[in-house]
Amino acid sequence: MRVATDIGGTFTDLVAVDDQGKTILTKSHTTPPNFEEGVIKVIQKSGVCPQEIKDFIHGTTTIINALTERKGAKTALITTKGFRDVLEIARCNRPDLFNMVFAKPRPFIPRYLRKEVEERVSFDGKVVTPLNEEDIKAAVEYFKKEKVEAIAVCYINSYANDEHEKRTVELIRKLWPEVFVTSSIEVTKEWREYERTSTIALNSYVMPVASSYIDNLDRRLKEAGCHAKEYIMQSNGGTTTFEQAKQTPINMVESGPVAGVYGSAILGKMIGERNIIAFDVGGTTAKCSLIDNGEVKVTTEYRIERTESYAGYPIMAPVVDIVEIGNGGGSIAWIDEAGSLKVGPQSAGAVPGPVAYGIGGTEPTTTDACLVTGRLSAENFDNQVDMDAVRAAIQEKVGDAFGMDTDEAAMSILRVAEANMYNALKLISVRRGYDPRDFTMVAFGGGGPMHCAYLAKELNIRKVIVPIAAPVFSAWGMLMTDVRHDYIQTNIRRMNEVSAEELNDMWEGLLSQAQEQFEKEDIPKENIVCNYIADMRYMGQEHTVKVNVPPIPWSEETKEEIIQRFHDTHEHFYTFRLTDTPTEIVNLHLVAYGRLTKPELAKIPPQEGPVENAKKEIRKVYFAEDGWMDTPVYLREKLGRGAVLDGPVIVEEAAASAVAAKGQRITVDDYGNLIIETEVQE
């Protein structure tokens, strides 16, 4: 049996698939600060026997929470002489040009805990100044007095020659075995000193937290009788072992959300849809990502806490390219100083939550608006919903300000929330040169199925898939993952000057690292699959584009093919090409997969008898274009494959509702996915 668990702010989700393809779905309350207890409880609640678990995959918000809540370790930095203030200087560009009170992000490592060491390596890897080990010894003594818990090591140009960093880490471990220490080369060998320093600083900051959490989870699983192979979801869309995760925990910064994107890609391949827009709406945020021809987009230009007016903190680690906005079920509706209605990014969270939760929330939220408009039923809440209180909050905080009745005010909240989601979806599609008409949307999370049909219609997306296990789909995606490691090496070379043989040698070095890593993880050679990516640019440019390139060995003819691929890719994203300008390779990026055995999903039984047998009720639902309409509501678990429902219609399941409007149609496929056609041809 293959089991995946995903820790969220309110619930811990579990999805398990046995050898016969039977799927088990369970949710249990999250148990902060001892999150591992919630994992054990959800396993117990599911009825899964721990001894029968062969593969255990885990997604966690522990890392991102430690960063955003500033609950990491007391961390120090050792860096090259003259670069002590690189975290302070950061980048000179400002995200909000006319903000006169703009402030740069404050470093996670204060200046008094940043020490310089005499050493220098040039851009091409040549040693300019030898490493002064006495400086390291002095820094360690100072850090001991300051009771530092973790040390980050980042030297300038170490991506080109890591000799000094390796020696520094070796010396620190000898002088102070108890301290957590990690160097930049263990996380990334990509250039740009500020981004590299920021990444390793954050990695060290969360290292003790991650190590403690993973050790506790491992211990509790073994105590429960689970001796499965243990994996943790990474931000790159793949998994890694518990041990590796403790060394590079920053790779788990988006551990949970990316699993849903990866799951969308897998689901698309299963049903013959390779162009996918993944759309995930949770309690606090809405997230979306684009999958082009089955390929999940990965970037190393990720930043935490970045907003339109705040630069955030760069993390130079492979992260699935996600656009995230503060619009979810708990997002609060409010009126700004100009008198405009806004929804989010403030959220009522789980506590006090929406007014409907009845535990102290007083501000109207998206969830409250869905209740008033009939998209959600009060019967599906764990508590007794006071609809009078819900309606009163919407009327007082929104309706009265605009002279609307409660129903109009609730629909206005939904219009604004969906407009925000629409803009996010445009960011990952239209504004990147993609036509949404060429894509299928996969909508999941607690709120995705409620908003997807309307948004798909606005974007001219003809088909929407609400997958099986939609509310826990991120955990489902983890079941379908493989072990993945990314090896990125900066080595700037002009394509008209470097030989194919030299490039092959560079790739061979990365392949050796991958094979060594997989050998440690007991992944057989026949299960290793590699993809090759080159970050390329025109000579004189600062930015690069990612180009999928053929596997090695390369020849001179292969080089010409790669240059042509770069021209095509550059034109796709920037609408022009410079065919007479020399091209450069900046980074070589090897994506290495260790294929794991996946469970086969069972097909659901066919629809027997009329679909009316699955009808729960008929209730009034408010639609933006048609007003109040009598809308049939069906129970998802009672629908068989082949069932067809014409809109307006709602299909309910535990923790989610799929809504289709007039003129749309829902069909249940072989695996139980709901297929919503946004343009039904009669």
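**Figure 1. Helix α8 and the glycine after it.** In this predicted model, helix α8 is followed by G272, a residue with a positive phi near 80°. The helix itself covers residues 257-270, and its 14 residues reach 21 Å from the first C-alpha to the last, close to the 20 Å expected at 1.5 Å a residue. Of these 14 residues, 11 are buried, so α8 is largely enclosed by the rest of the structure. The buried set runs through V258, A259, G260, V261, Y262, G263, S264, A265, I266, L267 and G268.

**Figure 2. Helix α15, its cover and the residue after it.** Helix α15 comprises residues 556-574; at 1.5 Å a residue its 19 residues should span 27 Å, and the end C-alpha atoms are 27 Å apart, which agrees. Buried in α15 are T558, K559, I562, I563, F566, H567, T569 and H570. The elements covering these buried residues include helix α14 together with β26 (528-538), β27 (545-549) and β28 (583-594). Just after α15, T575 adopts a positive phi of about 65°.

**Figure 3. Packing of helices α10 and α11.** Helix α10 (residues 387-402) packs against helix α11 (residues 406-427) at an angle of about 75°, and the two axes lie 9 Å apart. Angles of 65 to 115 degrees count as roughly perpendicular, and α10 is therefore roughly perpendicular to α11. On the α10 side the contact is formed by R391, I394, Q395, V398 and G399, which meet T406, D407, A409, A410 and I413 of α11. Sorted by class, this contact holds five nonpolar, three polar and two charged residues.

**Figure 4. The nonpolar cores and the surroundings of F279.** The largest nonpolar core contains 103 residues, and F279, W507 and W554 are those with the most contacts inside it. Helix α14 (residues 500-520) supplies the largest share of this core, eight residues. Leaving aside residues up to four places away in sequence, F279 touches K287, C288, M421, L425, M441, V442, A443, F444, G448, H451, C452 and L455. A second, separate core has 71 residues, among them V42, L67, A201 and I232.

**Figure 5. R219 in helix α6.** R219 lies in helix α6, which spans residues 193-223. Its relative accessibility is 39%, so R219 counts as partly exposed. The C-alpha atom of R219 is 9.5 Å from that of E36, although the two residues are 183 residues apart along the chain.

Note on methods:
Residues are numbered from 1 along each chain as its sequence is written. This is a predicted model: local features need pLDDT of at least 70, side-chain atom pairs count only at pLDDT 80 or more; totals for chains, interfaces and linings use all residues. Side-chain values use heavy atoms; hydrogens and water are left out. Axes are lines fitted to C-alpha atoms, for helices over the stretch in contact, and angles run from 0 to 180 degrees between N-to-C directions. Helices (H or I, at least four residues) and strands (E, at least two) are DSSP runs, numbered from the N terminus. Angles under 35 degrees count as roughly parallel, over 145 as roughly antiparallel, 65 to 115 as roughly perpendicular and the rest as oblique. Contact means heavy atoms within 4.5 Å. Ala, Val, Leu, Ile, Met, Phe, Trp, Tyr, Cys and Pro count as nonpolar, Asp, Glu, Lys and Arg as charged, and the others, Gly among them, as polar. The expected span of a helix is 1.5 Å times one less than its number of residues. Buried means under 20% relative accessible area, exposed over 50%, partly exposed in between (1.4 Å probe, protein chains only). A nonpolar core is a set of buried Ala, Val, Leu, Ile, Met, Phe, Trp, Tyr and Cys residues joined through side-chain atoms within 4.5 Å.
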